[in-house]
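Please read the following with the sequence and the model open side by side.

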Amino acid sequence: MNVIPCYIKTLKGLYDISGVEVGQHFYWQIGGLQIHAQVLITSWVVIAILLGSVIIAVRNPQTIPTDGQNFFEYVLEFIRDLSKTQIGEEYGPWVPFIGTMFLFIFVSNWSGALLPWKIIQLPHGELAAPTNDINTTVALALPTSVAYFYAGLTKKGLGYFEKYIKPTPILLPINILEDFTKPLSLSFRLFGNILADELVVVVLVSLVPSVVPIPVMFLGLFTSGIQALIFATLAAAYIGESMEGHH
């Protein structure tokens, strides 16, 4: 069985899935391209929040760290520990990738609960957390998929593909299916949880607008953070697995 055509077919399937829409959406038409404006706008806001926070916290490093510097050092240490636990001693080059995934997803998820996106009026649709859209989660899952293939091929060369016939060639179809469904599981797990959380809050606000939605929103903040952690942990685990060659 040829692995490359299977992978290309999987990527095409993910591209088709990215066309799935829940509700109305707002698009920009640029030449022959249709740009998903809602996702771009909210993603830029999240990126601006991350960059602005980092610049403010570390623009003037102190020997005795400030509270902001302490916080970001703690976050960096947390990401390094996560990467080392899942990848092993060769975790160093992958810290920026894992950290970027974790921070972007974490802030995106929290933005859906903390930022009043819906007060910004659009011609069609409404703004929401970037991870509330399948296009974003697919766009996050695909680089993760490329990353663990790159990690395995860089370390083992073409010998990386031997893992598909271990411990026995009989498992070849199952091993291939397992590897190429990872982007699907990453995409739908994150998308489904964030979408469900926001839908629950919207329904409760419409039914009991005063008190009940507040604890649900706090629960949503907790689960949003957990989803970011799960995505980053799985991404690091897949990279570590491809470098070690075992399941």
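Two rings of Phe, Tyr or Trp (for Trp, its six-membered ring) count as a pair if their centres lie within 6.5 Å; planes under 30 degrees apart make the pair stacked, over 60 edge-to-face, and the rest tilted. The model examined here is predicted, so local features need pLDDT of at least 70 and side-chain atom pairs count only at pLDDT 80 or more, while totals for chains, interfaces and linings use all residues. Residues are numbered from 1 along each chain as its sequence is written, and side-chain values use heavy atoms, with hydrogens and water left out.

Ring pairs join F78, F102, F106 and W110 into a cluster. The count of aromatic pairs comes to nine. One of them is formed by F149 and F180, a stacked pair with 5.6 Å from centre to centre and 20° between the planes. This pair links distant parts of the chain, since F149 belongs to helix α5 (residues 134-156) and F180 to helix α6 (residues 172-180), 31 residues apart. Helices here are DSSP runs of H or I with at least four residues, strands are runs of E with at least two, and both are numbered from the N terminus. F149 is buried at a relative accessible area of 10%, and F180 is buried at 5%. Buried means under 20% relative accessible area, exposed means over 50%, and partly exposed lies in between (1.4 Å probe, protein chains only).

Another ring, that of Y148, has K182 over its face, at 5.1 Å from the ring centre. A charge sits over a ring if NZ of Lys or CZ of Arg is within 6 Å of the ring centre and within 35 degrees of the ring normal.

How far apart are the end C-alpha atoms of α5? They are 33 Å apart, which agrees with the 33 Å that its 23 residues should span at 1.5 Å a residue. The expected span is 1.5 Å times one less than the number of residues in the helix. Just after α5, G157 takes a positive phi of about 65°. Helix α2 (residues 37-58) has 22 residues and reaches 32 Å from its first C-alpha to its last, close to the 32 Å expected. Its buried residues are A37, Q38, V39, T42, S43, V46 and A57.

Helix α3 (residues 67-87) holds S83. S83 is buried, with a relative accessible area of 0%. Not counting residues up to four places away in sequence, S83 touches G88, Y91, V95 and I98; a contact means heavy atoms within 4.5 Å.

The unreviewed UniProt entry annotates residues 35-58, 94-114, 134-153, 190-212 and 218-239 as "transmembrane region". Such annotations may be inferred rather than shown by experiment; feature names are shortened and positions follow the numbering used here. Residues 134-153 are 100% helix and 0% strand, with end C-alpha atoms 29 Å apart. Residues 218-239 are also 100% helix and 0% strand, and their end C-alpha atoms lie 32 Å apart.

In total the chain has eight helices and two strands, in the order α-β-β-α-α-α-α-α-α-α. Of its 247 residues, 38% count as buried. Among contacts between residues at least 6 apart in sequence, 69% join residues at least 24 apart.

Confidence is given by pLDDT, the predictor's value for each residue from 0 to 100. The chain has a mean pLDDT of 79, and 80% of its residues reach 70 or more. Over residues 14-20 pLDDT stays under 50, and the model has 11 contacts beyond four places in sequence for them.
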